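I open this notebook to record what I looked up in one structure.

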Amino acid sequence: MTARQYTKCQQDGCSSEDVQEWTIEGYDPVPVFVFCTDHAREFGFCLHCGAFIGGTEDVFLTRQDGICFECFTRQERATYEIDYDDEFDDTSRR
Ligand SMILES: [Zn+2]
Ligand SMILES: [Zn+2]
């Protein structure tokens, strides 16, 4: 049995059991963290795609925690598309 069973947030003093694994790609071995969503966001993970953005320019670009620039622009576009649904549909299909 190598798989560890995580049942609670790694953050000191946090007893949340609503956790998931967060990894930082680009490292070998890939570090794995177990955080509740609050502390994952605090630590610097994008809550939408799981990318690590702590200390990157994404934070400055979005001015938000818990979302990377990619997800941020996707969300912005989604909001925009709801407002201008017809126009956007036309251009993307032709
Ligand atoms: Zn926590
Ligand atoms: Zn993201």
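How many helices and strands are there in the protein? I find 4 helices and 2 strands; helices (H or I, at least four residues) and strands (E, at least two) are DSSP runs, numbered from the N terminus. I read the order of the elements from the N terminus as β-β-α-α-α-α.

Conventions. I note that this is a predicted model, in which local features need pLDDT of at least 70, side-chain atom pairs count only at pLDDT 80 or more, and totals for chains, interfaces and linings use all residues. Residues are numbered from 1 along each chain as its sequence is written, while chains are lettered from A and ligands numbered from 1 in the order in which they are written.

I looked up the burial of the 94 residues of the protein, and 17% count as buried. A residue is buried if 20 or more other C-beta atoms lie within 10 Å of its own, exposed if 12 or fewer, and partly exposed in between, with C-beta atoms placed from the backbone. Two residues are in contact if their C-beta atoms, placed likewise from the backbone, lie within 7 Å. Among contacts with a separation of 6 or more, 20% join residues 24 or more positions apart.

Core. Which residues touch the most other members of the largest nonpolar core? I list Phe 35, Phe 45, Cys 46, Ala 51, Ile 53 and Cys 68, out of 13 residues in that core. A nonpolar core is a set of buried Ala, Val, Leu, Ile, Met, Phe, Trp, Tyr and Cys residues joined through C-beta atoms within 7 Å. In soluble globular proteins, nonpolar side chains tend to be buried together.

Phe 45. I place Phe 45 in the loop between helix H1 (37–43) and H2. Why does Phe 45 count as buried? Phe 45 counts as buried because it has 26 C-beta neighbours inside 10 Å. Not counting residues up to four places away in sequence, Phe 45 touches Trp 22, Ala 40, Gly 50 and Phe 52.

Phe 35. Leaving aside neighbours within four places in sequence, I find Phe 35 in contact with Cys 9, Gln 10, Gln 11, Val 19, Trp 22, Ala 40 and Phe 43. I also checked Thr 7, in the segment before strand S1 (19–23): its C-alpha atom is 9.8 Å from that of Phe 35. Thr 7 has 8 C-beta neighbours inside 10 Å and therefore counts as exposed.

Loop between H2 and H3. Both Arg 63 and Ile 67 lie here. Is Ile 67 buried or exposed? Ile 67 is buried, with 23 C-beta neighbours inside 10 Å, whereas Arg 63 has 9 and is exposed. Beyond four places in sequence, the contacts of Ile 67 are Cys 46, Leu 47, His 48, Thr 62 and Phe 72.

Backbone. Arg 63 is not a glycine, yet its phi is positive, about 55°. I recorded a cis peptide bond between Asp 28 and Pro 29, with omega about 0°. Pro 29 belongs to the loop between S1 and strand S2 (32–36).
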